[in-house]
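Please keep the sequence and the 3D view open as you read.

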Amino acid sequence: MSSENLSDDLVAAFQIEGEPVRGRLVRLGDAVDQIINGHAYPEPVANLLGEACALAALVGSSLKFDGRLIVQAQGDGPVRYVVADYDASGALRGYCRFDPEAVSKIEKGFVRPGARSLLGQGIFIMTLDQGPDTERYQGVTPIEGETLALCAEQYFAQSEQTPTRVRLAVGQADSGEGPHWRAGGVLIQNIAEDEARGPTAEAWTRTQALFETLGEDELIDPLLASNQLLYRLFHEDGVRVFGSTALKASCRCSQERIMGVLRSFAAEERADMVEPDGKIRVTCEYCSRVYAVEPGELESAVG
């Protein structure tokens with residue numbers, strides 16, 4: 001086991017020693033707490049958003065280019081839309097759009113309604129964005145199952161034909177400073193057999209059996225270090241960690257971006273947006289920051 005000390009707000013790649021199985025582990029503390037607390041989300045919605053953030057980091061951290069991985073799901077249920085994105089710097093952001101009354105009703109029928117109950121009939125999408133001068137790659141699968149982990153497994157089976165298992169967990173934990181949101185996840189994949197490796201099916205079956213012993217409480221336990229969690233799972237074979245990426249809650253919104261969006265509207269439409277004090281206000285859906293813009297600044301910029 002690597003001696004590297006793995007704590008919170010990170011994603012790390014690992015390889016099981018001597019076995020054709022690789023994986024990634026994500027642990028989120030302050031980062032996911034900040035993202036969730038940016039809005040007044042009901043608990044099931046906060047849980048869904050936490051899953052999306054953890055999944056975006058797990059998948060996005062494997063990118064070999066300076067871009068973004070966007071995880072989103074949308075449907076006809078109480079939650080219309082959930083999205084989280086990860087960029088190569090380790091920045092995470094996300095938000096949910098939902099009907100508060102509809103979520104309140106469905107909460108009464110379930111201990112914790114999951115993805116299918118919240119999103120209803122819909123689609124799960126993963127998008128690779130390599131920048132403005134390249135075409136986005138997008139994979140789409142139906143929403144099936146009560147967790148985004150199951151949606152991701154189906155995505156990998158369909159889009160990449162790579163045997164993949166995913167476990168995600170979200171919850172509140174108190175390490176002495178009051179309850180805070182936490183999230184965690186593990187992704188493992190079977191490396192395809194070849195002449196050098198030989199058959200890999202037996203090793204994959206055994207690794208999945210160990211993976212099934214992983215509890216959600218372990219993934220979000222603030223007192224259980226990430227390297228200790230990996231050791232618990234794979235100590236029989238040993239596990240090697242290949243470095244980690246620090247994660248942070250970070251939104252890309254700015255005054256300049258907001259003004260650019262406003263300039264895309266016709267002057268008549270912008271006039272309808274002006275509030276009684278003479279300013280146009282725009283709230284970022286991701287971080288809830290409110291931007292106040294003087295209409296004259298827009299006119300002078302385009303005039």
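The structure holds 0 disulfides, a disulfide being a pair of cysteine sulfur atoms within 2.5 Å. Cys251 is in no disulfide, and the nearest cysteine sulfur, that of Cys284, lies 3.6 Å away. Before going further, please note that this is a predicted model, in which local features need pLDDT of at least 70, side-chain atom pairs count only at pLDDT 80 or more, and totals for chains, interfaces and linings use all residues. Residues are numbered from 1 along each chain as its sequence is written, and side-chain values use heavy atoms, with hydrogens and water left out.

For accessibility, buried means under 20% relative accessible area, exposed over 50%, and partly exposed in between (1.4 Å probe, protein chains only). Cys253 counts as buried at 17% relative accessibility, while Cys251, at 23%, counts as partly exposed.

Next comes a helix. Helices (H or I, at least four residues) and strands (E, at least two) are DSSP runs, numbered from the N terminus. Helix α9 spans residues 255–263, and its buried residues are Ile258, Met259 and Leu262. Seen down the axis of α9, these buried residues fall within an arc of 100°, so they line one face of the helix; the arc is that of the directions from the helix axis to the C-beta atoms. An α-helix has 3.6 residues a turn, so residues three or four places apart point the same way. On the other side of α9, Glu256 and Arg257 are exposed.

Two backbone angles are worth a look. Asp9 has a positive phi of about 55° although it is not a glycine. Asp9 sits in the segment before β1 (10–16) and is buried, with a relative accessible area of 15%. Ser288, also a residue other than glycine, has a positive phi near 70°. You will find Ser288 in the loop between β12 (280–283) and β13 (290–293), where Ser288 counts as partly exposed at 28% relative accessibility.

Now for the charged pairs. The structure holds 15 salt bridges, a salt bridge being a side-chain nitrogen of Lys or Arg within 4 Å of a carboxyl oxygen of Asp or Glu. Among them are these:

| Salt bridge | Closest N to O distance |
|---|---|
| Asp85 and Arg68 | 3.3 Å |
| Asp85 and Arg93 | 3.0 Å |

Arg206 is partly exposed, with a relative accessible area of 35%, whereas Glu19 counts as buried at 16%.

Asp85 forms a salt bridge with Arg68. Here too the pair links distant parts of the chain: Asp85 belongs to strand β4 (residues 79–87) and Arg68 to strand β3 (residues 68–75), 17 residues apart. Both Asp85 and Arg68 are buried. Asp85 also forms a salt bridge with Arg93, and Arg93 is buried as well. Which residues do salt bridges that share partners join into one network? They are Arg68, Asp85, Arg93, Asp129, Arg136 and Arg252.
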